[in-house]
Every structure is written in structure tokens, then in C-alpha cells.
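Here is a friendly walk through the fold you are about to see. Have the viewer open and follow along, one region at a time.

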Amino acid sequence: MNQIDYTDNEELKSRLMRRKDELSETLSEDEMRKAYDYCEPYKSFLNSAKTERETVEEAIRLAADNGFIPYEPDMELKAGDRVYLNNRGKAVILAVIGTESLSEGVSMVVAHSDSPRLDLKPNPLYENNGLAYLDTHYYGGIKKYQWAAVPLALHGVVILKDGTTINVTIGEDPADPVLCVTDLPPHLSVLQMKREASEVIKGEELDILTGINHIKGAGSDSVKLNVLKILYERYGITEADFVSAELEAVPAYPARDLGLDRGMIGAYGNDDRVCAFPTLTALFSAKLPKYTAVAVLADKEEVGSDGCTGAQSSFVKDFVSDLCENAKCPVRQCLKKSLCISADVITAFDPIFPEVGSVSNSTYLNRGVAITKYRGLRGKAETGDASAEFLAMLRRIFDENKVSWQPGEAGKVDVGGGKTLGRFISNLNIDTVDIGVPLLSMHSPFEVVSKLDVYMAHKAFTSFFDRDCFC
Ligand SMILES: [Zn+2]
């Protein structure tokens, strides 16, 4: 223990109390500029990666630009090699091979590629009183009323019976039309306003207004027929093709600088692009890491990580197993010594709603990446709960690399809670901790993050991939 002058209050304060940095107060102008520059390509990423498929496509495009090549199971890999494995176009694993044996474990950062949205049902198109609609089933945890009366774009794929993939994007090009879900006017909302907030717009009312013009003389359902005609002309698809389609309605506007000082980014899909993008850029900056560096963008996090592209699938373990098999290393040894950051956003303290925050244990915008020992709900259920040993190591690494970070929980005990995919990775016997960017308006069509925090996520993941010890 270092000696402290107990009579000096300032010294007592600075030595004994944890500092809470407001980053725009403490970061140098140079560091601020770097952070703002870093966020420009991040905004482009947000705009071109609104769905899980687009996120994976964009990740692979960036990876290829950074020297990554497709992974083959029998590949001979040496330190510094860069590979990626595309899992069905919806999840991806990327790795930079380390100098240390795989029996010493890997450094893994796992973010997710999906975001809440409105998915089209298998038989979505119908006509009602002269208007055509697309029937949807919402995906993930949303406040349904937030999705009415905002412009929507349609993204996704239609797979024809012969296997041809038709890519669909309607509503992003400024020359495109957009779609929307309608809401009642205040004048006719006396009954609607008496509904529970979760039912202000009901799940079955999230139908998307899609067309109004008839095909003249075509009789009944001719508005619907006209929409089908337009889709056929543009994409060559028919009504039956919706069955083998994955079409997702997402907000139709781009990411924007937010605030007069441009210190924040407002966008659809910040959860979890704001962790996925820094995961990628950190991996790209790892040239010759000691421990093999692995980045994963997993799908289906917003609905529980089930399915073959979600973090509960064996694809992450299979990839590590393949690497180990080729290197003649026992996979169990590798997993046991691996470390993982589950990179996901966390709800930041919102001064407008202080009643749900825990004053000294919330996370705040502009104070760096948030380290959350556990997420979960009620009595810390359904969470991995990172070890104190792992947290101590990360504190050291982050402080050495001037990463601004903050500890915290998502809100007051028992007011709600949230889960991440981290627990599924820790169930593989990998020490895992949740680290991510604090965010406001989570799961809304316009989520808010601080630019300085985004940059700190990049610095945090970079320093983790650069770690030189397991301790
Ligand atoms: Zn998330």
C-alpha cells in the first residue's frame, strides 16, 4: 500500500475515490477529434447495415478490405493469418491467429447482428377498404406504439423456388417511396388512450400501409393486385414467393449527428451496431496478437439467441474446435483458458426518467464503455456474472491503455432488466463479461449514443485483443 497524506483532503479524494470522468471535459482536443473522425465511418456502417444480413455482408466487405479471407476447415493457419466464416449470411466469425498456442485460449468479442423490427408474415399482403397492407409479426422487444407514424423501409431477401436470391430494398433511396404504420388521430383516441401502454398499438395493428391505386377494371382486390404488379415488375416475385422470404421493415431514415454540438448519434440499430462496428475495427487493428483474436457477430440475440445463427447454436464452439483440431490442441483446454467480452449496449441513465435509474450504479452517456458484471433480472437471474478476477484484469488493461470506462447496472433492482448473449458464451466454460456502449431510447426507432463512448468501445476491444497475459 502506498503512503497517503491523511491530512490532505484533495489527496484523500483523488487516491481513494473512483473518478467519474465526463469525457468531453477530460479528453484532449486531439482525442476528441479522433473519436469524432472514428464515428464518420460508423454512421455509414449504420446506414448500410440495418438488418442482420446486411450487417454480416458489410462486416465481410470490410474484412476483405482488411486482408481477411474465407475460412476453410482444413486450412493450415499461422500467426497473423486473418480468416472469416460466414454462417448462413446472418452471423459471422472472424479471427486473427495469435502467436501463442491455442491451448492458452483465445480473446473473443461477441456482438450481435440483429435489431428489433417488423417482420412480414408468410402471407402478408391484403386489401382492406381500398388500401393495401403488409401484415407483420414484430421481432424483438419493442414498444409497439413507437413504430406507428414513422417512415419505414423494407429490407431483405426473397428466395425463389429455383434457389435464386432476390435482394429487396425499398425506401432507402431518396427517390424511393416509403411505407408506414398508421395511428389514430387525437380526436378519435378516447378509447385508445384508455388502453394499457403495451396495447396502445396492438401487435395485430402493426400492419404496413403499402398502396392505394386500383388496376382499373380488375374487380375485387385490385389495389393488392397493383402492388403485386409493381413487385413483379421491380423484382420478378409473386405472392407465393413471400413464403420463402425474409422481409423486414425498419425505419427509413439514415443515422444523424444529434445535438447542436454533434456529440451524439441518433439512429435505428445502434443496438448493437455500436458494439459490432468497434468489434470489427478492433480486430482489424490486431496485427500479430499473442492470443488468437476472435470476433463474432451473432444473430437472433433480440429473441433469445435460439436457432443455428444465434449464440446458443454450436457454431462458435465448432469454429474454435476446428481451429484446435488443426493445431492439435485439446479444445476443452482452449475454451477453459479463453476470455470473452459480450459486446452489447446498456441502458444509460436518462435524466428525464430518473426514477428507474440507480444513482450510483447506473451508466451514463459520455463516461466511456460500461462494464457490467452481470445483467439479468430479478435476483440476478439469467446472466453469466463475470468473475472479479476477470474484471480486475480488464481494469488494469483499460487503465494502461487510457480506455475510459465505467461500472454499472442497467437500472434499479426489480424495475425491469435485460439479458445478453454473454451467458451462452460463458456456458461454454469461457470467462465472459458484458461490456458495451451506454445508450438512450433502447429498442426504439431512434436510439442515442455518445460519440466519445463509441470510440472508447473501439479502444477497449483493441486493448483486449492486444492483451499479453491471462491473469
Ligand atoms: Zn443488444
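Helix 9 (residues 388–400) lies across strand 14 (339–343), strand 16, strand 18 and strand 20, and runs at about 45° to strand 20. Helices here are DSSP runs of H or I with at least four residues, strands are runs of E with at least two, and both are numbered from the N terminus. Axes are lines fitted to C-alpha atoms, for helices over the stretch in contact, and angles run from 0 to 180 degrees between N-to-C directions. Contact is defined as two C-beta atoms, placed from the backbone, lying within 7 Å.

Please keep in mind that this is a predicted model, in which local features need pLDDT of at least 70 and side-chain atom pairs count only at pLDDT 80 or more, while totals for chains, interfaces and linings use all residues. Residues are numbered from 1 along each chain as its sequence is written.

The open sheet under discussion has nine strands in the order 1-2-3-13-4-14-20-16-18, with mixed pairing. Its edge strands are strand 1 (69–70) and strand 18 (405–407), each of which pairs on one side only. Two strands count as paired if DSSP finds at least two bridges between them. Strand 16 (residues 369–372) meets strand 20 (residues 431–436) in the antiparallel sense, over three bridges; here Ala370 stands opposite Gly436 in strand 20.

## Strand 3, enclosed on both faces

How many of the residues of strand 3 (residues 91–96) are buried? Six of the six are, so strand 3 is largely enclosed by the rest of the structure. Buried means that 20 or more other C-beta atoms lie within 10 Å of the residue's own, exposed means 12 or fewer, and partly exposed is in between, with C-beta atoms placed from the backbone. In a regular strand the side chains alternate between the two faces of the sheet. In strand 3, Ala91, Ile93 and Ala95 are buried on one side, and Val92, Leu94 and Val96 are buried on the other.

Strand 3 has antiparallel pairings with strand 2 (residues 82–87) over six bridges and with strand 13 (residues 292–298) over five bridges. Val92 in strand 3 is the bridge partner of Asn86, and Val294 in strand 13 is the bridge partner of Ala95. Strands 2 and 3 form a hairpin with three residues between them, and Arg88 in the turn has a positive phi of about 60°.

Strand 11 and strand 12 pair over three bridges, with Arg256 opposite Gly266 in strand 12.

Helix 3 (residues 29–48) has 20 residues and reaches 30 Å from its first C-alpha to its last, close to the 28 Å expected at 1.5 Å a residue; the expected span is 1.5 Å times one less than the number of residues. Its buried residues include Tyr38, Tyr42 and Phe45. Among the elements covering them are helix 4 (52–65), strand 12 (264–267), helix 6 (270–285) and helix 11 (451–465).

Phe465 lies in helix 11 and is buried, with 27 other C-beta atoms within 10 Å. Phe465 and Ala282 are 183 residues apart in sequence, yet 7.5 Å apart in space, C-alpha to C-alpha. Leaving aside neighbours within four places in sequence, the contacts of Phe465 include Ser107, Leu283 and Pro289.

## Backbone details worth a look

The peptide bond from Asp271 to Asp272 is cis, with omega near 20°, and Asp272 lies in helix 6. Lys328, in the loop between helix 7 (315–326) and helix 8 (331–337), has a positive phi near 55°. Lys328 counts as exposed, with 9 C-beta neighbours inside 10 Å.
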